[in-house]
Amino acid sequence: MLKALKNIAILILFSALGIYFILVILGGGFGKNHLVTSIPQNLNFAHRGCCMEAPRNSMDAFQKAQSKGLGIETDVRITKDNILVLFHDDTTNQKLGLKGSISDWTFDELSKQKFNYPSDSSEHNIVSLQKLKGTFPETILYLDIKTPSKSVADILTNKLSTDYDMNLIADANILFLSYLKYKNPKFRTVWEGFDAGKEWMYWLIPKNFKPDYLASFKKNVNAAHISWLEKNQLISQKIVYGHTSIDSALVSKIPYNIIECN
């Protein structure tokens with residue numbers, strides 16, 4: 001029994017190494033990537049829109065962010081009928097009063113519900129990614145993908161194929177981001193959760209699949225991490241969550257910040 005388990009473990013290990021080797025070849029080997037056209041320096045994003053003034057991920061919250069000259073950070077999930085919508089929670093119970101998750105409902109069914117904000121029913125409906133992009137065509141969007149999958153990546157590839165310059169696609173799953181880069185090298189990807197202590201992981205990613213930006217919460221960034229970014233000329237590709245005002249973001253050494261705007 002022990003020998004069989006050992007053989008299975010060896011098989012899994014060699015299979016994983018084989019897949020990694022293929023990814024390295026497809027990704028052009030190791031080294032530093034060529035940064036896709038960068039977004040404007042010192043751009044700040046409103047976390048889920050200005051969600052201290054309106055329901056998070058609502059059109060009202062996005063309008064308020066736009067009026068302050070901010071980019072928009074938002075959460076992206078997929079409905080039962082494969083529509084990308086802007087919604088954070090795993091379940092729809094609290095915010096929409098429906099049992100289950102976003103993927104259990106069609107967009108039409110979800111659109112009939114109003115957001116609960118903060119507890120009483122508001123006048124705000126769930127927003128599709130298509131509507132957001134149509135309303136703010138010149139605003140840079142930071143799309144935090146909550147359900148990374150091949151189907152979501154394929155939809156993004158199709159929907160964003162001609163306006164990739166206005167989007168950052170963010171996730172903690174490096175395989176998902178690599179697949180997006182494989183499908184369209186012009187996509188600007190963001191590797192979330194790139195915290196202090198994970199610096200060594202950056203060099204394991206094949207150069208053509210390397211993310212264009214590296215994001216983490218402010219509490220997970222220390223002096224050693226900043227020093228590593230500067231030494232490797234990656235400081236200009238760093239994004240930090242956690243600022244509570246535009247003023248605090250302006251004095252940060254980090255060029256891009258996601259703030260809880262009010």
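I looked up what the buried residues of helix H6 (residues 150-159) pack against in this predicted model. They pack against strand S2 (71-78), strand S3 (84-86), helix H5 (129-135), strand S5 (141-145), strand S6 (167-171) and H7. I then listed those buried residues: Val152, Ala153, Ile155, Leu156 and Thr157.

Next I took the pair H6 and H7. Helix H7 covers residues 174-183. The two helices pack at an angle of about 35 degrees, and their axes are 10 Å apart. I noted the crossing of H6 past H7 as right-handed.

Which residues meet there, H6 against H7? From H6 I wrote down Lys150, Val152, Ala153, Asp154, Leu156 and Thr157. From H7 I have Phe176, Tyr179, Leu180 and Lys183. By class, this contact has 6 nonpolar, 1 polar and 3 charged residues.

I moved on to the largest nonpolar core, which has 43 residues. The members that touch the most others are Leu84, Leu132, Ile145, Leu156, Ile169, Phe176 and Leu180. Elements giving two or more residues are helix H2 (59-67), S2, S3, H5, S5, H6, H7 and helix H9 (223-231). Which element gives the most to this core? I found H6, with 4 residues.

I checked Ile145 separately, leaving aside its neighbours within four places in sequence. Ile145 is in contact with Val76, Val152, Leu156, Ile169, Ala170, Asp171 and Phe176. I also logged a second, separate core of 15 residues, with Ala170, Tyr213, Tyr256 and Ile258 among them.

How values were computed. Residues are numbered from 1 along each chain as its sequence is written. This is a predicted model: local features need pLDDT of at least 70, side-chain atom pairs count only at pLDDT 80 or more; totals for chains, interfaces and linings use all residues. Side-chain values use heavy atoms; hydrogens and water are left out. Axes are lines fitted to C-alpha atoms, for helices over the stretch in contact, and angles run from 0 to 180 degrees between N-to-C directions. A crossing is left-handed if the near helix is turned anticlockwise from the far one by less than a right angle, and right-handed if clockwise. Contact means heavy atoms within 4.5 Å. Ala, Val, Leu, Ile, Met, Phe, Trp, Tyr, Cys and Pro count as nonpolar, Asp, Glu, Lys and Arg as charged, and the others, Gly among them, as polar. Buried means under 20% relative accessible area, exposed over 50%, partly exposed in between (1.4 Å probe, protein chains only). A nonpolar core is a set of buried Ala, Val, Leu, Ile, Met, Phe, Trp, Tyr and Cys residues joined through side-chain atoms within 4.5 Å.
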